[in-house]
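Here are my notes on the model, point by point. Please read them with the structure open.

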Amino acid sequence: MEAGEGKVNLARMAVSQVEKASGHLPGIDAGIFEKIKYTRREIIVHFPAKKDNGSVSMFTGYRVQHNDTRGPFKGGMRYHPDVDLDEMRALAMWMTWKAAVVNIPFGGAKGGVECDPRQMSQHEIESMTRRFTWEISPFIGPEMDIPAPDVATNPQVMAWMMDTFSIRKGYSVPGVVTGKPLELGGSRGRFEATGRGVFVVAAKAAKHGRFSLAGSRVVIQGAGNVGSAAAREFARAGCRVVGISDINGGLYNPKGLDVEKALDCKKRSRCFVKEEVDAEEITNAELLELECDILVPAAMENQITAANAPKLRCRMVVEGANGPTTPEADSILSDRGISLVPDILANAGGVVVSYFEWVQNLQELFWTEGEITERLIRILSKAFYEVKAIAEKERVDMRTAALVLGIGRVAEAVRLRGIFP
Ligand code: NAD
């Protein structure tokens, strides 16, 4: 069975999580939970872009703004063939809870374009990005909604978005996106932030699980922004990264891979080459079932399902990706005693450093990488202990506890602002 089979509708899954969390938040009016099950605004744009051969292609782009009660909307932009409204709704909602779990003043949004960037040239990606940004620019901005990189988008795409938005305004607006190149007002440590955060919370969870991180075996699905930065952090801390993959498959070496060599090979050849790295080739389905201490899904949603959860051989799952585990798989893992650190806590390092980038842009000053990392660790550690305390008090798993913390903070903010008019 391939990873991803038995996948669930993400929007329904996200709404049912609100219902589950509300059961642990008795002081809040049911109508408030009803309100936060809905997105505030759903922008769908159909737009043309020119291909290199001069022909014109039509694209569909989305920006879903879930909730901005606690601050401007914030969330990534994804370029992928599976991008659709339901996926964007779920990812936007999870952004709202994530910002609240780490207690930064943002709401949640998500966007992207349904496309296959692997079939497009850089020039075609630039044309599509610029026209998409132009179409959604009435709805984004440093005080309204601040996009960031997600699957298949990167600092260069953010630079094109910032440039297009700035041209429309008539002056430079660096704070409209985060995850920009350093030269354009990006923050030190932003590129590594999500993977670094995954490592920080994994280290806390290992300490709680009473096992030593040094020498532990780590498997990482996905070798993009999140997966590659996480792999480097685990390797630097003395862990053995025994497996890593991308969309085409993975590499496995039970003694531990040379992470730098593997990532360098992928960068040069755009894929993993087993001969260059001293490893055997495996499929993504096999990778998820490798024996290890820590499994980090850092690719896409719906990877750990009822079909493969009974076969996982890890002690702990730390979710680098958003929504990689289905609710059925969650229960199976919990019954099997495999602990899980949920996405809205585990991968929150990205939005935390995006917040730092936005603050630096608004204040027109720059922090050092040391300052960034120290503040990142402080915020994630606090969130980890807050989630852990709720899990112990309510006798629930870490995912439910994180949702109770995040949804509880948003619901309380909605209650305080009241219902207009
Ligand atoms: P990316 O595009 O940089 O990397 C994605 C990686 O996953 C690539 O190596 C790709 O080959 C691989 N992949 C794609 N589809 C796959 C499949 N079906 N099976 C196995 N591997 C597959 O994206 P990213 O920014 O690293 O994002 C990865 C995940 O982390 C997404 O769920 C994203 O929403 C989440 N996330 C990203 C950030 C961030 O700061 N970039 C922050 C929080 C969460």
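1. Domain 1 (39-175) and domain 2 (193-346) each contribute residues to the shell around the ligand, so the ligand lies between them. The domain bounds come from an automatic or database domain assignment.

2. This is a predicted model, in which local features need pLDDT of at least 70 and side-chain atom pairs count only at pLDDT 80 or more, while totals for chains, interfaces and linings use all residues. Residues are numbered from 1 along each chain as its sequence is written, and side-chain values use heavy atoms, with hydrogens and water left out.

3. The ligand has 23 residues around it, of which D150, A152, T194, N225 and N322 come nearest. A residue is near a molecule if one of its heavy atoms lies within 4 Å of it. By class, the shell divides into 10 nonpolar, 9 polar and 4 charged residues. Here Ala, Val, Leu, Ile, Met, Phe, Trp, Tyr, Cys and Pro count as nonpolar, Asp, Glu, Lys and Arg as charged, and the others, Gly among them, as polar.

4. Which side chains have an N or O atom at 2.6 Å, 2.7 Å and 3.0 Å from an oxygen atom of the ligand? The 2.6 Å distance belongs to D150, the 2.7 Å distance to T194 and the 3.0 Å distance to R78. A polar contact is a pair of N or O atoms within 3.5 Å. The protein covers 87% of the 820 Å² of accessible area that the ligand has on its own (Shrake-Rupley method, 1.4 Å probe). Two or more residues of the shell come from each of α6 (190-208) and α7 (225-236). Helices (H or I, at least four residues) and strands (E, at least two) are DSSP runs, numbered from the N terminus.

5. An open sheet of 5 strands runs in the order β1-β2-β4-β3-β5, with mixed pairing. Its edge strands, β1 (41-50) and β5 (145-149), each pair on one side only; two strands pair if DSSP finds at least two bridges between them. Strands β2 (residues 56-67) and β4 (residues 108-114) run antiparallel and are joined by 7 bridges. G61 stands opposite V113 in β4.

6. Two backbone details deserve a look. F420 and P421 are joined by a cis peptide bond, with omega about 0°; P421 is in the segment after α15 (398-417). E364, in the loop between α13 (349-363) and α14 (369-394), has a positive phi near 55°. Most residues other than glycine have a negative phi, and most peptide bonds are trans.

Notes
Polar contact = N/O pair within 3.5 Å; in protein donor to acceptor, adjacent residues only side chain to side chain.
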